[in-house]
Amino acid sequence: GPTIALILIVTTVILATLFPGGSAIAQAVDVGYKDFSYGSMASAPTGQKPQSKLWFNDNIWWGVMYNKDDFAFEIYRLDWQTQTWSTTGVEVDPRARSSADAIWTGTYLYVASALMTSTSTSDTNIYVYQFSYDPVQKTYAKVSTATIWDRVVETVVIDMDTTGRLWATFTDLNPALSMSVFVTHNTTEVDVWIPPYVLPATESTGLLIDDISTLVAYNGKIGVMWSNQATGNINFAFHLDGTDDSANSWTFNPAVTGNPKYADDHLNIKSLQADASGQLYAVAKTSLSDVYPPNSSQPLILLLVLSTEGSWSRRTFGTVADNHTRPIVLVDAQNRELYVFATVQSSGTSGYITYKKINLDNPGAQFDSGLGIDFIKFAAYDHINNATSTKQQLNGVTNLVVLAGDDTESLRTYFHNFIDLTDPPPDPVYQVFLPLVIKN
């Protein structure tokens, strides 16, 4: 199977000291790569559950990361040989309390950035930035900036449909002061967007203040998923590419209904285009850990799968007893495997990152029980949290990279790790033998 990159750093080695009976003290082992400090200005810079901070382009992994020396989020690149990040110096957003969602389309990089919390800055706009890429200099340049909203929101997510139209979603108060799901998209001009409107679908209003939405492009559609903790439902609606913005252009197809406490504000979704195993894969956290008395066997993290026929099914990634949080899902389309990464809450609200995987071609496949395989874990940093990666499908060329952070006041450090995804064996080469022709 895939090889996990591990740094085995011995933090405590006591070889001479033995307990009665001859048992030696075990060595502590760290897993993953400790990166750099993002300083005291930014807060949880890998956070916001639906977002993707990383992308793969030109055989390089890139990310939106905070540079404490320049006081700005910038575009960084990962050196694969040394597994170290370095800045390109290209600024994305100077607001330290903003959060970004990035998508590489093959031609341009687009980054949506929104202010998460009110700060001393008067700039509360949601921006969508467009960047061009220079393959010779291996760097990016900002081409345009669009303003799509002027309020602080918890998170904003973008994606591009098959017509080349960019879409965005977020939750905020509507004019009637009801918490709602908003959507918007650009026009024929990349930096000109229509006014955001409330999604015309069941349960898109009357949300709780911390409910969130996310969206994804798939099979000629844009899909929006959102939590409604007031009803306990996880909802979904889709829009056919190229159609108008009328209420009739949206189709409601809820993912989880009729189960109180099955909704929470933790969502992450990916597509697998035109694949028999399913169109969409989403991970969602329930609120079943809040039930008193809690049932340790109840599902806490769910994998939701939208079949090619349009029906939703679900599998349990982790239970209340496992106490995972902030899951993300990644798809290795080449090796036909699906990965779910999540935080194990070993200390307060965070601890370390683990993962589990299942085979895409086995519709009955279930996740192994337990906490999963350690992926980013350091003895000296026990608040590692907020795994993030890419919107893209993965393969043996891209491999897999996940970024996280420890937001402890005195630490504030990035971490990452990778999985070297195996390349499938090449197609067999057959030698062709021509028939022997014998002439009389």
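What follows is a chat about a predicted model, taken region by region.

Reader: Before we get going, what is the mean pLDDT of the protein?
Author: This is a predicted model, so confidence comes up before anything else. Of its residues, 88% reach a pLDDT of 70 or more. The mean for the protein is 90.

Reader: How many contacts beyond near neighbours in sequence does the stretch 1–26 have in the model?
Author: Residues 1–26 have a pLDDT below 50. Residues 428–440 also stay under 50, and there the model has zero contacts beyond four places in sequence. For residues 1–26, beyond near neighbours in sequence, the number is 47.

Reader: On to Ser 204: is it buried or exposed?
Author: Ser 204 sits in the loop between strand E14 (197–198) and strand E15 (213–218). Its relative accessibility is 3%, and the cut-off for buried is under 20%. So Ser 204 counts as buried.

Reader: Which backbone oxygen lies 2.6 Å from a polar atom of the Ser 204 side chain?
Author: Two backbone oxygens come up around this side chain. The one from Ala 201 is 2.9 Å from a polar atom of the Ser 204 side chain. The oxygen at 2.6 Å belongs to Leu 199.

Reader: Now E28: how many of its seven residues are buried?
Author: Side chains in a regular strand alternate between the two faces of the sheet, so check each side in turn. On one side of E28, Leu 400, Val 402, Ala 404 and Asp 406 are buried. On the other, Val 401, Leu 403 and Gly 405 are buried too. Strand E28 (residues 400–406) is therefore largely enclosed by the rest of the structure, and the count is seven of the seven.

Reader: Which residue in E28 is the bridge partner of Thr 388?
Author: Strand E27 (residues 384–388) pairs with E28 over three bridges. The sense is antiparallel. In E28, the partner of Thr 388 is Leu 403.

Reader: In the hairpin of E28 and E29, which turn residue has a positive phi?
Author: Seven bridges join E28 to strand E29 (residues 413–420), and the two run antiparallel. Gly 405, for one, stands opposite Tyr 414 in E29. Six residues lie between the strands of this hairpin. The turn residue, with a phi of about 45°, is Arg 412.

Reader: Last one: what distance separates the C-alpha atoms of Ser 350 and Asp 406?
Author: Ser 350 belongs to strand E25 (residues 350–359) and is buried, with a relative accessible area of 4%. Beyond four places in sequence, its contacts include Thr 343, His 383 and Ile 384. Asp 406 is 56 residues away along the chain, yet the C-alpha separation is 8.7 Å.

How values were computed
Residues are numbered from 1 along each chain as its sequence is written. This is a predicted model: local features need pLDDT of at least 70, side-chain atom pairs count only at pLDDT 80 or more; totals for chains, interfaces and linings use all residues. Side-chain values use heavy atoms; hydrogens and water are left out. Helices (H or I, at least four residues) and strands (E, at least two) are DSSP runs, numbered from the N terminus. Buried means under 20% relative accessible area, exposed over 50%, partly exposed in between (1.4 Å probe, protein chains only). A polar contact is a pair of N or O atoms within 3.5 Å; within protein, one must be able to donate a hydrogen and the other to accept it, and residues adjacent in sequence count only if both atoms are side-chain atoms. Two strands pair if DSSP finds at least two bridges between them. pLDDT is the predictor's confidence in each residue, from 0 to 100. Contact means heavy atoms within 4.5 Å.
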